[in-house]
Amino acid sequence: MSQHVRFYQTGSFAVGNRLLPIQARTVQSDPTRSNSLTSGHRACRGCGEALGARYVLDAAMRATGGRLVTVNATGCLEVFSTPYPETSWRVPWLHSLFGNAPAVASGVAAALKVRDRGDIRVLGQGGDGGTVDIGFGALSGMFERGDDVLFVCYDNQGYMNTGVQRSGATPPAARTSTTQAVGSAPGNVFGQGKSAPLIAMAHEIPYVATATIADLHDLESKVERAMGLHGARYLHVLVPCPLGWGSEAAQTIRVARLAVQSGLFPVFEAERGNVTAVSPIRHRVHVEEYLRPQIRFRHLFEPTRRADVIDGLQAIADRNIRRFGLLPGRRHEATVCYHAAGRQQPGQQDRGLANRTPGVRGPAPAM
């Protein structure tokens with residue numbers, strides 16, 4: 001009988017590569033990695049999006065044996081990596097408009113299909129502005145048609161390269177240039193915005209997942225898992241932005257980890273609309289520990305502590321923890337939402353989903 005062994009380091013909660021066999025180590029620890037987004041670009045110091053894109057593309061390159069085409073929406077990632085005539089990309093890379101990256105990626109996938117090049121895979125990518133807001137219609141269409149594309153959203157919770165404006169992924173109470181920290185309800189309004197991962201789940205596409213740059217093993221495994229499937233797939237990666245969030249550049253990974261540990265950013269996987277696995281919170285923190293390192297939330301603590309607003313954010317975190325069963329031993333509620341509505345789960349049994357244990361991360365089902 002085999003047992004899935006998990007390694008943790010005290011303090012950092014990260015898996016040490018030296019504790020793992022070579023085949024289980026991260027792509028980033030491999031000296032022969034693709035280095036898809038190479039050095040010399042103009043990202044800000046501590047940019048989470050630069051890390052996320054490199055991690056995702058290198059993992060996708062390994063998963064596909066280097067047979068990969070990527071489409072990039074206009075945004076931070078495109079601006080800092082390709083100032084004409086330079087480029088930091090070492091993969092086949094197309095730049096599209098702000099809102100049509102999913103449509104362009106679908107077109108590339110269709111063209112490859114016509115040319116009988118099913119061995120070449122397509123990966124679309126964009127920020128939360130180009131994904132959650134401006135490109136949302138094209139993304140939904142891609143999901144509806146089931147186009148053979150993995151689309152990755154690098155979520156830094158705002159329009160950072162154009163002046164830190166609010167996006168549909170900006171959290172409540174956050175200060176941006178369009179949600180000023182003034183008045184009785186400072187910052188972004190509670191109850192607005194949208195969850196792109198949950199909307200993607202509602203399309204019942206083969207695979208939806210969330211991840212952060214704080215857990216490299218988890219992020220890379222989800223990319224490899226997604227590239228092993230066909231059809232429309234979606235990966236939502238939290239990438240802290242020192243410029244827009246007002247956090248220390250050296251604290252980017254820590255801030256991403258605190259987002260997960262507080263419950264404000266649930267990390268999970270879903271297949272055909274069902275949550276199949278979550279990353280449990282092993283060291284839970286109050287939302288205040290996540291908020292304090294960020295200047296965009298400073299108005300909640302100075303000149304006086306806004307307990308009412310902080311309590312509202314803690315309530316959101318608590319709801320996420322209940323909804324996804326983020327504390328060990330607790331069953332999540334999200335898997336039952338479709339059963340309650342009487343909706344079908346097409347392809348569930350033949351994909352082996354019944355072998356997965358809800359609420360606990362485990363090996364991917366056999367395809």
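Helices are taken here as DSSP runs of H or I with at least four residues and strands as runs of E with at least two, numbered from the N terminus. By that assignment the chain of this predicted model has 12 helices and 8 strands. Of the chain's 367 residues, 53% count as buried, and among contacts with a separation of 6 or more, 71% are between residues 24 or more positions apart.

**Confidence**

- The chain has a mean pLDDT of 88, with 84% of its residues at 70 or more.
- Residues 335-367 have a pLDDT below 50, although in the model this stretch has 57 contacts beyond near neighbours in sequence.
- Where pLDDT is low, the predicted coordinates should not be read in detail.

**Helix α5 and its surroundings**

- Helix α3, residues 101-114, and helix α5, residues 136-145, have axes that come within 7 Å and cross at roughly 35°.
- On the α3 side the contact is made by Pro-102, Ala-103 and Ser-106, and on the α5 side by Ala-138, Leu-139, Met-142 and Arg-145.
- Sorted by class, this contact of α3 with α5 is made up of 5 nonpolar, 1 polar and 1 charged residues.
- An α-helix has 3.6 residues a turn, so residues three or four places apart point the same way.
- The buried residues of α5 are Leu-139, Ser-140, Gly-141, Met-142 and Phe-143; of these, Leu-139 and Met-142 are also listed in the contact with α3.
- After α5 comes Gly-146, which has a positive phi near 70°.

**Thr-131 in helix α4**

- Thr-131 is placed in helix α4, which runs over residues 128-133, and it counts as buried because its relative accessibility is 1%.
- A polar atom of the Thr-131 side chain lies 2.7 Å from the backbone oxygen of Gly-127.
- Leaving aside residues up to four places away in sequence, Thr-131 touches Gly-126, Phe-136, Leu-139, Phe-151, Cys-153 and Tyr-234; of these, Leu-139 is also one of the buried residues of α5.

**Cysteines**

- A disulfide is a covalent bond between the sulfur atoms of two cysteines, and with the cut-off for a sulfur pair set at within 2.5 Å, the count comes to 0 disulfides.
- The sulfur of Cys-44 has its closest cysteine sulfur in Cys-241, at 6.3 Å, and is therefore too far away for a bond.
- Cys-241 is likewise in no disulfide, and the cysteine sulfur nearest to that of Cys-241 is in Cys-76, 6.2 Å away.
- The accessibility of the two residues can be set side by side: Cys-44 counts as partly exposed at 45% relative accessibility, whereas Cys-241 counts as buried at 10%.

**Loops and backbone geometry**

- The peptide bond from Tyr-84 to Pro-85 is cis, its omega lying near 5°, and Pro-85 belongs to the loop between α2 (76-81) and β2 (93-95).
- Glu-302 and Pro-303 are also joined by a cis peptide bond, with omega at about 0°; Pro-303 is found in the loop that lies between α10 (287-291) and α11 (307-324).
- Asn-35 has a positive phi of about 55° although it is not a glycine, and this residue is placed in the segment before α1 (48-64).
- With a relative accessible area of 16%, Asn-35 is buried, because the cut-off for that class is under 20%.
- Arg-272, which is not a glycine either, has a positive phi of about 50° and lies in the loop between β7 (268-271) and β8 (274-278).
- Arg-272 counts as buried, with a relative accessibility of 19%.
- Gln-192 lies in the loop between β4 (150-155) and α6 (196-202), and its relative accessible area of 46% makes it partly exposed.
- Gln-192 and Gly-168 are separated by 24 residues in sequence, while their C-alpha atoms are 7.5 Å apart in space.

Methods:
Residues are numbered from 1 along each chain as its sequence is written. This is a predicted model: local features need pLDDT of at least 70, side-chain atom pairs count only at pLDDT 80 or more; totals for chains, interfaces and linings use all residues. Side-chain values use heavy atoms; hydrogens and water are left out. pLDDT is the predictor's confidence in each residue, from 0 to 100. Contact means heavy atoms within 4.5 Å. Buried means under 20% relative accessible area, exposed over 50%, partly exposed in between (1.4 Å probe, protein chains only). A polar contact is a pair of N or O atoms within 3.5 Å; within protein, one must be able to donate a hydrogen and the other to accept it, and residues adjacent in sequence count only if both atoms are side-chain atoms. Axes are lines fitted to C-alpha atoms, for helices over the stretch in contact, and angles run from 0 to 180 degrees between N-to-C directions. Ala, Val, Leu, Ile, Met, Phe, Trp, Tyr, Cys and Pro count as nonpolar, Asp, Glu, Lys and Arg as charged, and the others, Gly among them, as polar.
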